[in-house]
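Dear colleague,

Please find the structure we discussed below. My notes on it follow directly after.

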Amino acid sequence: MSIKKEALSGVKWTTISAIANGVCAIIRISILTRFLDISDFGLMAIVLFILSFTSLFIDLGMTAAILHKKDISIHERSSLYWLSILFSFILFALVIFITPLLSRWYSELELLNILPIMGINLIISSVGRQFRTLEQKELNFSFISKVDVFTALIILTTSYFFAVHDFGVYSLVYSTLLGSAFRSILFLYVGLKKYSLKLHFSFFDVRSFFKIGMFNTGGQVINYFNKEIDILIVGKVFGIETLGIYSLAKQLVFRPTGVINPIITTVAIPIFSKIQNDVSLLKESYLKLLNIISSINIPVYLLVIIFANPLIEILYGSDYLVMEQLVRILCFYMIFIMLRNPMGTLTIATGRTDLEFYWTSFTFLLMPIAMLFGSFYSIEMIAIFMTITMML
């Protein structure tokens, strides 16, 4: 199959997956807003911030290195796999350690229970992570998409079950763990049959992956703080309930880019890796990618800005209409995020993750300052300052 046909097939399957996941996520939140307190979403925003941040370190950026490097031996893969498993346990222990500190910082005792339970997901997700990456490298998006769709359905149905039976915030916790376990076990089962794995570890095997991996991890960490540090600031300055409103508004606005961009970029990374030595073709392909993403995202965000009021009422209910102006401001912020998002496809495909690291380091000097200025006024002003900084 030619690269063009592989790309079209990949786009088809990732589109199916992204739409199914997006719809399930929207339905899930719409259901849970009818059963859970606003503060529950604030608690989960803090938990997900911590766990998403720590998960960036699980494989030390080796996923990007695997996608970039063309030929990888079984000894290299095995060493990378066991290194990832080791780090998942280390990170879980770190989460246990910092949980009391976070609970005191936010004056929320419930974090003492939720965070350690959700922390188990760090270990669960590491079990199948490498095999998912190998399937992506082989452009097997049909299988990946099917697994993701079934996972989304499991999370949706179990969320509803737990919510109806008055599990409260734990409806979010348990459904997430069950979905993650299903995904990881399935990738592990298929991966062991297809790629095999050895009880082998050597630092020499992973040494060549570290430069790409470490820069990629560094860039991801700083970029993550750029995008998510507002969660920490809003939670501390305005309280958990306001954070719940802010988090739901942010989830709503991030949804279009979260659905649309991965459809294209997930396929683009392995494709760009295959043509990384043809600079002219790479440039042309990247500009086409940016054009497609912009042409879809910008009209979608303009529609959200115009119809924010009825959209919020339909999805969340009339109690959440207070987030209307916040949603509109964050739409402008997301347009600029959307434009820079595809840059990662180039840096990973060409092995130049160092460039992305330097760029995100520069932006990290500005974003927290902007958020702190906004926090003196309101959550809407935080969003305005974030938008101005991202535009610059």
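Is Cys331 buried or exposed? In this predicted model, Cys331 is buried, because its relative accessible area is 0%, under the 20% cut-off for a buried residue. Cys24 is also buried, with a relative accessible area of 10%. As for disulfides, a search of the whole structure finds 0.

Salt bridges

Side chains of opposite charge can pair when their charged atoms come close. The count of salt bridges in this model comes to 6. One of them joins the side chains of Arg183 and Asp148, at 3.6 Å from N to O. This pair links distant parts of the chain: Arg183 belongs to helix 7 (residues 170–194) and Asp148 to helix 6 (residues 141–164), and the two are 35 residues apart. Asp148 is buried, with a relative accessible area of 9%, whereas Arg183 counts as partly exposed at 26% relative accessibility. Both residues also take part in a network of salt bridges that links Arg132, Asp148 and Arg183.

Two further salt bridges lie within single helices. The side chains of Glu284 and Lys288 meet at 3.3 Å, N to O. Because Glu284 and Lys288 are 4 residues apart in helix 11 (residues 279–306), about one helical turn separates them. Glu284 counts as partly exposed, at 43% relative accessibility.

The other is the salt bridge between Glu324 and Arg328, with an N to O distance of 2.7 Å. These residues both lie in helix 13, again 4 residues apart, or about one turn of the helix. Glu324 counts as buried at 17% relative accessibility, and Arg328 is buried with a relative accessible area of 18%.

Helix 13 (residues 324–340) also holds Ile329, which is buried, with a relative accessible area of 17%. The C-alpha atoms of Ile329 and Glu380 are separated by 7.4 Å, although the two residues are 51 residues apart along the chain.

Aromatic residues

The structure holds 10 aromatic pairs. Among them, Tyr81 and Trp82 form an edge-to-face pair, with 5.1 Å between the ring centres and 85 degrees between the planes. Tyr81 counts as buried, at 4% relative accessibility, while Trp82 is partly exposed, with a relative accessible area of 30%.

Why does the pair of Phe373 and Phe385 count as stacked? The planes of Phe373 and Phe385 stand at 25 degrees, with the ring centres 6.4 Å apart, so the pair is stacked; the cut-off for stacking is under 30 degrees. This pair links distant parts of the chain, with Phe373 in helix 16 (residues 367–375) and Phe385 in helix 17 (residues 379–391), 12 residues apart. Phe373 counts as partly exposed at 47% relative accessibility, and Phe385 is partly exposed with a relative accessible area of 26%.

One aromatic cluster is formed by Phe161, Phe162, Phe167, Tyr170 and Tyr174. Elsewhere, the charged end of Lys236 sits over the ring of Trp105, at 4.2 Å from its centre.

The surface

Trp82, Leu199, Phe201 and Phe203 form a nonpolar patch on the surface, and together they have about 480 Å² of accessible area. Of these residues, Phe203 is found in helix 8 (residues 203–207). Phe203 is exposed, because its relative accessible area is 51% and the cut-off for exposed is over 50%.

With kind regards

Terms used
Residues numbered from 1 in each chain as written. Predicted model: local features only at pLDDT ≥ 70, side-chain atom pairs only at ≥ 80, totals over all residues. Heavy atoms only, no water. Phe/Tyr/Trp six-rings, centres within 6.5 Å; stacked < 30°, edge-to-face > 60°. Buried < 20%, exposed > 50% of the residue type's maximum accessible area, 1.4 Å probe, protein only. Lys NZ or Arg CZ within 6 Å of the ring centre and 35° of its normal. Patch = residues over 30% accessible without salt bridge, like charges linked within 9 Å, V, L, I, M, F, W, Y side chains within 5 Å. Areas by Shrake-Rupley, 256 points an atom, 1.4 Å probe, with all protein chains shown as cover. Salt bridge = Lys/Arg side-chain N within 4 Å of Asp/Glu carboxyl O. Disulfide = S-S within 2.5 Å.
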